[in-house]
Amino acid sequence: SMPTMRDGKTPIARCDDARKYQTLADIDRPEVRLIVNPGGTNERFARAHAPHATLAVWPDNLTIFDRILAGEADVMITDAIEARLQQRLHPRLCAIHPDAPFDFSEKAFLLPRDVAFKAYVDQWLHQAVETGLYARLNEQWLAYPWGIESLRALIDARLMLARDVAQYKWNHHLPIEDAPRE
């Protein structure tokens with residue numbers, strides 16, 4: 001779809017330590033324990049812009065922020081929208097300058113390859129952005145009392161098993177889908 005929001009990479013840390021990690025130079029030091037999730041834009045950004053920081057790659061997107069709270073990591077660099085959400089979910093974490101991120105990106109909706117549908121969605125989004133509806137919906141989403149951490153943990157656990165399940169099915173010539181079990 002058309003872009004709906006400007007975004008970029010920004011740090012998130014314990015609120016008590018937020019002043020320590022204002023710039024990339026503050027983060028790009030060997031004594032700073034920088035944590036990222038594996039294989040995505042956060043890891044790529046951290047490796048490119050903070051090569052001197054002590055980098056930890058944490059495989060679980062749900063508990064990565066708990067590592068910062070537990071003092072096992074100092075800071076994470078992530079999308080500003082995620083940093084804003086995580087500071088609401090974890091009141092002891094602070095998104096550091098999410099309105100002035102280190103770089104620039106835009107967010108959009110991934111749509112099927114259907115020109116007419118894209119045109120319809122883009123028209124609706126344009127009106128929603130211009131009238132302020134999109135901003136209100138975004139704020140409502142960020143303020144939502146999620147309380148679904150147990151469900152998210154189960155989903156994450158299932159995704160962590162996906163490769164092993166696929167390998168088992170392949171090795172035992174089992175079908176990919178198991179409708180009765182599902």
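Author: A nonpolar core here is a set of buried nonpolar residues joined through side-chain atoms within 4.5 Å. Keep in mind that this is a predicted model.

Reader: Fine. Which residues have the most contacts inside the largest nonpolar core?

Author: Tyr21, Ile27, Leu34 and Val75, in a core of 14 residues. Strand E3 (33-36), helix H2 (41-49) and strand E5 (75-79) each give two or more residues to this core. There's also a second, separate core of 11 residues, including Ile12, Ile68, Met76 and Ala83.

Reader: What makes Cys15 and Cys94 a disulfide?

Author: Their sulfur atoms are 2.0 Å apart, and the cut-off is within 2.5 Å, so the pair qualifies. The count comes to one disulfide. Cys15 sits in the loop between strand E2 (9-14) and helix H1 (24-27), while Cys94 is in strand E6, 79 residues apart.

Reader: Why is the disulfide called right-handed?

Author: Because the torsion about the S-S bond is about 95°.

Reader: Why is Asp122 called buried, then?

Author: Its relative accessible area is 15%, and the cut-off is under 20%, so Asp122 passes. Asp122 lies in helix H5 (residues 115-131) and, leaving aside neighbours within four places in sequence, is in contact with Ser1 and Met2.

Notes. Residues are numbered from 1 along each chain as its sequence is written. This is a predicted model: local features need pLDDT of at least 70, side-chain atom pairs count only at pLDDT 80 or more; totals for chains, interfaces and linings use all residues. Side-chain values use heavy atoms; hydrogens and water are left out. Helices (H or I, at least four residues) and strands (E, at least two) are DSSP runs, numbered from the N terminus. Buried means under 20% relative accessible area, exposed over 50%, partly exposed in between (1.4 Å probe, protein chains only). Contact means heavy atoms within 4.5 Å.
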